[in-house]
Amino acid sequence: MSENENTQSQNIQKLSNQLRSIEEVLTPNYQRDKNGKITKAVVKPYYTKQFVTIVGLKTTTSRFLPVSHEGYSIETFIDKVELLGKTRAEFIARKMKGIERRAHMAMFREMIEDNSNDGKNKRKFTEIFEEKFGRVCYIPDQLCITCWNCSLFGGLRAGESAAFSRIRYFDTYSIEGAETCIAMDGSEEGMGIGNQVYEDLQKQRGAETYHQYEYVKVGTHFPFIVIIENPTLLDVAGYLKTVEIADNHGYGKYSVNHGKFSTQILAISSGFPKFSVLDMLGWGTGGIDKLITKFSNGSVKFETNKGDPVSLFGDDIVAVKNELVSEFKAYCDSLKDMGSK
Ligand SMILES: [Zn+2]
């Protein structure tokens with residue numbers, strides 16, 4: 001192990017010491033009948049006030065349509081807001097969370113299938129979910145309230161059980177102003193003209209042969225903050241991978257073709273941020289480099305109720321992501337078979 005890798009693993013260990021274990025948080029609570037047979041499994045309630053903060057910067061690599069309202073037949077207008085002296089594109093927390101929850105589930109299904117591979121065959125996730133959680137988990141209407149995804153994102157089964165979301169998102173906004181980052185009526189580019197979006201419009205479409213839409217241009221920056229309560233190392237490493245999957249899948253309207261991002265994770269900390277998305281917008285106004293430097297030189301501050309937080313930057317963040325496979329294996333090993341002792 002090189003000196004650099006050695007320091008990295010020490011830093012991850014320091015962070016890990018501040019986090020919760022898989023058994024404390026992610027392994028379901030099992031209820032048993034008097035014969036010891038498992039009758040039910042649900043996510044554990046949480047008690048501690050431990051947090052992990054993940055801070056990053058998303059950059060659009062395709063046209064992006066952040067739209068939270070219903071469409072207006074043949075024209076789509078994106079979410080915009082007046083903020084800190086500029087009209088900015090708005091990327092609401094609920095939309096980001098929805099896409100990332102699905103990406104997290106897609107990753108989870110694939111990993112649990114891979115993990116079942118004994119060299120000869122791989123089992124289907126539906127079969128494994130039945131065995132480990134008593135049922136298959138479908139977003140958003142048939143959540144199992146037992147699995148790793150439900151533990152992180154929360155959920156409700158009417159009349160049965162509920163789990164609070166452990167992950168918190170915040171609304172974010174473009175660093176750039178509308179005049180440079182949004183193609184709209186009256187801007188140099190004008191609105192986009194779509195023909196790949198007809199399937200969404202069939203009900204409203206009459207004689208119109210095209211659809212116009214505003215969009216956020218390529219190269220627009222959105223800083224973001226996500227906070228995970230009662231975090232495990234698996235939650236953190238899994239979140240980092242989830243963001244990559246979501247970036248490739250796309251956020252926003254018409255995400256088959258649009259809404260792709262690249263994301264730079266700027267910091268992971270066991271503390272609470274002493275800054276907000278709004279502060280980051282201000283730092284970015286002087287140039288994206290200035291915002292990034294705030295993190296690379298460690299001048300941003302995090303705090304905890306007791307003691308100094310552990311904060312990771314740069315290569316240490318990549319190293320955290322590399323913990324995903326082994327942590328996931330440990331999670332799978334902690335799961336019991338429903339219906340057996
Ligand atoms: Zn679930």
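Which residue of β10 does Glu90 stand opposite? In this predicted model, local features need pLDDT of at least 70 and side-chain atom pairs count only at pLDDT 80 or more, whereas totals for chains, interfaces and linings use all residues. Residues are numbered from 1 along each chain as its sequence is written.

Glu90 stands opposite Tyr173 in β10. Strand β6 (residues 86-91) runs antiparallel to β10 and is joined to it by two bridges; strands are DSSP runs of E of at least two residues, helices are runs of H or I of at least four residues, and both are numbered from the N terminus. Two strands pair if DSSP finds at least two bridges between them. The open sheet consists of three strands in the order β5-β6-β10, with antiparallel pairing. Because β5 (80-83) and β10 (172-173) each have a single partner strand, they stand at the edges, and one side of each is left without a neighbour in the sheet.

Helices α9 (residues 277-285) and α10 (residues 288-296) have axes that come within 6 Å and cross at roughly 125°. Axes are lines fitted to C-alpha atoms, for helices over the stretch in contact, and angles run from 0 to 180 degrees between N-to-C directions. This makes α9 oblique to α10 (angles under 35 degrees count as roughly parallel, over 145 as roughly antiparallel, 65 to 115 as roughly perpendicular and the rest as oblique).

Helices α3 (residues 93-115) and α12 (residues 324-334) pack at about 75°, with axes 11 Å apart, and are therefore roughly perpendicular to each other. Met111, Ile112 and Asn115 of α3 make the contact with Phe328, Lys329 and Cys332 of α12 (C-beta atoms, placed from the backbone, within 7 Å).

Definitions and conventions: Two residues are in contact if their C-beta atoms, placed from the backbone, lie within 7 Å.
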